[in-house]
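Let's take a walk through this structure together. Open it up, keep the sequence handy, and follow along one stop at a time.

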Amino acid sequence: MKLKLATPESWSYESKSFEVMFFIAYTSDTALIPNCADRINVTGPGQLMSPNLPSRFTDNDSCSWTFWAPMGIMFYVSFTDLGRTGSLKIYDGLHRSDSLLLDRNYLDKELEPVYTTGHFGRVVFAPNSENQHYGFLLTYDVGNLDPSNISVLEECNETGIYLNTPNRTFFEYLSVSKSNYKTNMDCIWYITAPENHAVEIEFEPGGYGMETNLYCDYDYLAFYEVTGLNDSLKRINRVCGYKVPKYRYQTVGNRMMIEFHSDYLVPAVGFKLRYYAIDMAYPYCREDFKSLDGTYNLQTSYLNANAKWILTIRSPTIPSYWSTKYENNAEVFWLITVEDPSLYRLVLSFSYSWIESSPGCSVDWFALFRGPCRTDPLIDRTCGHYGYWLKKYNLEGTTDAYLLYFHTDNSFNFYGFRLKYYSELRSVVAEVTTTPAATQGPPVEAVIEALNGSMFYYRNDVVQTRNVSEGLEATIDFYLVGINGLDEASTGGPLI
């Protein structure tokens, strides 16, 4: 591409300069651009751009990303074109409850770099309704924190860990060894977060390995939810083997117990995980879930052609249901929102489901919550193999968001599920008017007897005396309701 600027020789007016935005992108480069809702481990320079760039963004392109780095994160925003109502915000932590590092909602450039004060950062992009702007472009890199301040707990020398602040200025690791762990180890750590927060852990990439077993009975790392005054335990998951779990594991309440066990043989490198507190209050409980909009259209052809599907780990391009199974130790969430729950109901319909069966669906399951948080009421938890009697949910009420949760344990994976979802118009009760609604009437004989009585004063076969020299005239309006399949019939006029 060649750009040329030409001005007339006689032109002496000094005007402002101009800027041209251009992009150099190859397939390998664009694949490195983080997807919406990704969590990025910052190990070096990278780029983040608004969805649909270099084209203009749309109303549906709202997005957020979270970042982590052992030395903090540096953000440099090189371009913003957001309109009057769009916004780009960078937070000094994992949630929008943390302090703002940058807030822009107009055309801007040449901004100064901003640095997180801790190990986490969050970028939130909210588009406007004008659809005439391009969004943003920023670069990120490691920051300037001192990594020596990171706390690392090793061996079994700590049982009580208290995260007494929801701020993201701290960062801590949990590990069992700097090299191979020992045999015959039994370690237990209790982690407590502040009230209205959850404990979340995720594994550090690299340096992971434990003896492999189908049920993880030999060497394992297990996570438990701790509840009640008696410290009741509910297992979240158990991991082993040599593949680093890519999912994050989180409590519903504010207490977690972590258990590590090794037997008398085959020690390995162990694990290294990060732990921190997560704000579970609304709306922060919904920020890391993949968001899906329930779309409404009356036309059946639209629903058949465009109804959206949620698919688990199995690839949608594989034609057979017997090709690829879902992963072990999966924790997957989707958040489906309804535009106006007073007018629309959300419809969820399985077209296929094969999830490991167990009493109470306690090992692998699909769960549905009435609301955006796992603390909201549970509508259903399901598992098993359905060939014909597939479940369907017609969800009505005032709730505008539903949380879907797919969980698997460390053994026996199957072929997953496909779920269609869309919104449809709710049935609306007609308003009461002055015209009475048609109802089931009395038997035909009773109507005729009533008419005879009003016309001829007929009563018990006794005809009253009347002057027959004068004609008898009467006007009658009568209705036959629910007779012989008729909804309503009426007539009126003089009757002689």
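## Starting at a salt bridge

Find E202 and R39, whose side chains meet in a salt bridge, 3.1 Å from N to O. The two come from distant parts of the chain: E202 is in strand β15 and R39 in strand β1, 163 residues apart. Is E202 buried or exposed? E202 has a relative accessible area of 7%, so it counts as buried. R39 has a relative accessibility of 18%, and because the cut-off for buried is under 20%, R39 counts as buried too.

R39 also forms a salt bridge with E200, where the closest N and O atoms are 3.4 Å apart. Again the pair links distant parts of the chain, with R39 in strand β1 (residues 39–41) and E200 in strand β15, 161 residues apart. Both R39 and E200 are buried.

Now for another pair of charged side chains. D231 and R255 meet in a salt bridge at 2.7 Å, N to O. D231 sits in the loop between β16 (220–227) and β17 (232–239), while R255 is in strand β19, so this pair ties together parts that are 24 residues apart in sequence. Here both partners are partly exposed: D231 has a relative accessible area of 36%, and R255 comes in at 22%. Back with R39, salt bridges that share partners join R39, E200, E202, E204, R248 and R274 into one network. A search of the whole structure turns up twelve salt bridges.

Let's step back for a moment. What you're looking at is a predicted model. How many helices and strands does the protein have? There are three helices and 32 strands. Of the 496 residues, 43% count as buried. Take the contacts between residues at least 6 apart in sequence: 79% of them join residues at least 24 apart.

Next, the aromatic rings. The structure holds 24 aromatic pairs. One of them is F67 with F75, an edge-to-face pair with 5.1 Å from centre to centre and 80 degrees between the planes. F67 is buried, with a relative accessible area of 0%, and F75 counts as buried at 1%. Another pair is W334 with F417: their ring centres are 6.1 Å apart and their planes are at 85 degrees, so this pair is edge-to-face. This one links distant parts of the chain, since W334 is in strand β23 (residues 331–337) and F417 is in strand β30 (residues 416–425), 83 residues apart. W334 and F417 are both buried. They also belong to one aromatic cluster, formed by Y326, W334, F350, F366, Y393, F406 and F417.

R238 lies over the face of Y220, 4.0 Å from the ring centre.

Two loop residues are worth a stop. A193 is in the loop between β14 (186–192) and β15 (197–203). With a relative accessible area of 5%, A193 is buried. What does A193 contact, leaving aside its neighbours within four places in sequence? It is in contact with L163, A198, V199, N254 and A277. A193 and A277 are 84 residues apart in sequence, but 5.6 Å apart in space, C-alpha to C-alpha.

The other stop is S411, in the loop between β29 (401–407) and β30. S411 is buried, also with a relative accessible area of 5%. Not counting residues up to four places away in sequence, S411 touches L214, Y215, N328, E356 and D364.

The protein exposes about 28,200 Å², and carbon and sulfur atoms supply 51% of that. Which residues make the nonpolar surface patch of about 450 Å²? Look for Y242, Y264, L265 and V266. Y264 is in the loop between β19 (255–261) and β20 (272–279), and with a relative accessible area of 59% it counts as exposed.

Note on methods
Residues are numbered from 1 along each chain as its sequence is written. This is a predicted model: local features need pLDDT of at least 70, side-chain atom pairs count only at pLDDT 80 or more; totals for chains, interfaces and linings use all residues. Side-chain values use heavy atoms; hydrogens and water are left out. Helices (H or I, at least four residues) and strands (E, at least two) are DSSP runs, numbered from the N terminus. Buried means under 20% relative accessible area, exposed over 50%, partly exposed in between (1.4 Å probe, protein chains only). Contact means heavy atoms within 4.5 Å. Accessible areas come from the Shrake-Rupley method with a 1.4 Å probe; for residues, only the protein chains shown count as cover. Patches are made of residues with over 30% relative accessible area and no salt bridge: like charges are joined within 9 Å, nonpolar side chains (Val, Leu, Ile, Met, Phe, Trp, Tyr) within 5 Å. A salt bridge is a side-chain nitrogen of Lys or Arg within 4 Å of a carboxyl oxygen of Asp or Glu. Rings of Phe, Tyr and Trp (its six-membered ring) pair if their centres lie within 6.5 Å; planes under 30 degrees apart count as stacked, over 60 as edge-to-face and the rest as tilted. A charge sits over a ring if NZ of Lys or CZ of Arg is within 6 Å of the ring centre and within 35 degrees of the ring normal.
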